[in-house]
Amino acid sequence: HRPKNPFLKMQTLAEASFASRHFLPIFTTRVSALTNHLPKARAAALEPAGMWVLAPDGSRLTRRFVAKNFLEAMSFLNDAAAVAERPDVSHHPDFHLTTYRTVEVVLWTHAAGGLTDYDFKLAEALGSVACLCSPKWLKDPANESAAVAENIAFSKRNGATSVPANVPAGISAAGASAGVGVGAASAGAEATGGTGTDVGTFLSNVDAESSPATAT
C-alpha cells in the first residue's frame, strides 16, 4: 500500500541495500588523557633522550629542531607523515614549519585534550625519523640535549649504532676524532659513495655556512 501523501516516498529494496552498505552507524570510543605522573615518566623513557619535551602541564610532547635547508625539513615531514599513517601507529601529529626550515612536531590526542598512549607510541615511532640539521643549531649550547638526540637518530639512520656519551653535541661516533659533525660525516660519505673521503671538503662547506656572512 503506497501512502497517499505525494511528498512521501517509500524506500525501495535497492535504496535500502545501498543505505545499509554506505551509511552504517558510527561508534566512538571515549579516550582519556593520561594523568598524575604518567606523562612525565613516559616522556623520560622515550629514546633518544632529549628529543621530546613535555609541556609543563603534561598535555603535549614537542620535538623541535632547525633543518639544514628547506628540502631537508620537507623530507623529514614527509617521512614522519608516512610513519603516522602506518597501520600499527595510525595517529597524526601537528606539524609546524616556520622560517622555511624550523620544524616543530607536537603530539597530543585532540579527543582527549591531552596525551594518551597513542601519542607515546607515535613518539617512539618518530624517534627513528631523522633529519640533517643546521650545523649552527647543533653547535648552540642552548640546544645541547636536543642536538645530541637528533645526532643519535641521524647516525642510526646512516648505519652507526650509537654516539659516545663523551662526544659533544654535533659530533658523530665515526667523526669524533676528526671533529666532524654527524651531518657532515654522513653527508660526506653519501657524496663519495659511502667512502667518506670527501669529509674535508664538506667541513669547509660547514665552516662557510657557519661564518658571520652566511651563518645558518
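I count a contact when heavy atoms lie within 4.5 Å. The model is predicted: I took local features only at pLDDT of at least 70 and side-chain atom pairs only at pLDDT 80 or more, while totals for chains, interfaces and linings use all residues. Residues are numbered from 1 along each chain as its sequence is written, and side-chain values use heavy atoms, with hydrogens and water left out.

**Entry: Ser59**

I looked up Ser59 in the loop between strand S1 (53-54) and S2. Strands here are DSSP runs of E with at least two residues, helices are runs of H or I with at least four, and both are numbered from the N terminus. Ser59 has a relative accessible area of 13%, so it is buried (under 20% relative accessible area; exposed is over 50%, partly exposed in between; 1.4 Å probe, protein chains only). Leaving aside neighbours within four places in sequence, Ser59 is in contact with Leu107, Trp108, Gly114 and Leu115. Leu107 is 48 residues away along the chain, and I read 8.8 Å between the two C-alpha atoms of Ser59 and Leu107.

I then checked polar contacts (a pair of N or O atoms within 3.5 Å; within protein, one must be able to donate a hydrogen and the other to accept it, and residues adjacent in sequence count only if both atoms are side-chain atoms). The Ser59 side chain makes one with the side chain of Asp57 at 2.7 Å. Another joins the side chains of Ser59 and Arg60 at 3.4 Å.

**Entry: Arg63**

I found Arg63 in strand S2. Is Arg63 buried or exposed? Its relative accessibility is 0%, so Arg63 counts as buried. Its side chain has a polar contact of 2.8 Å with the side chain of Glu150. A polar atom of the Arg63 side chain also lies 2.9 Å from the backbone oxygen of Leu126. Beyond four places in sequence, the contacts of Arg63 include Met51, Trp52, Phe76 and Val103.

**Entry: helix H3**

I compared the length of H3 (residues 70-84) with expectation: its 15 residues should span 21 Å at 1.5 Å a residue, and the end C-alpha atoms are 21 Å apart, which agrees. The expected span is 1.5 Å times one less than the number of residues.

Which residues of H3 are buried? They are Ala73, Phe76, Leu77, Ala80, Val83 and Ala84. They cover an arc of only 120 degrees around the axis, so they sit on the same side of H3. I took the arc from the directions from the helix axis to the C-beta atoms. Leu71 and Asn78, on the other side, are exposed. The cover over the buried residues includes S2 (61-66), S3 (94-98), S4 (102-107) and helix H4 (117-126).

Last, I noted the N-terminal cap of H3: a side-chain oxygen of Asn69 lies 3.2 Å from the backbone nitrogen of Leu71.
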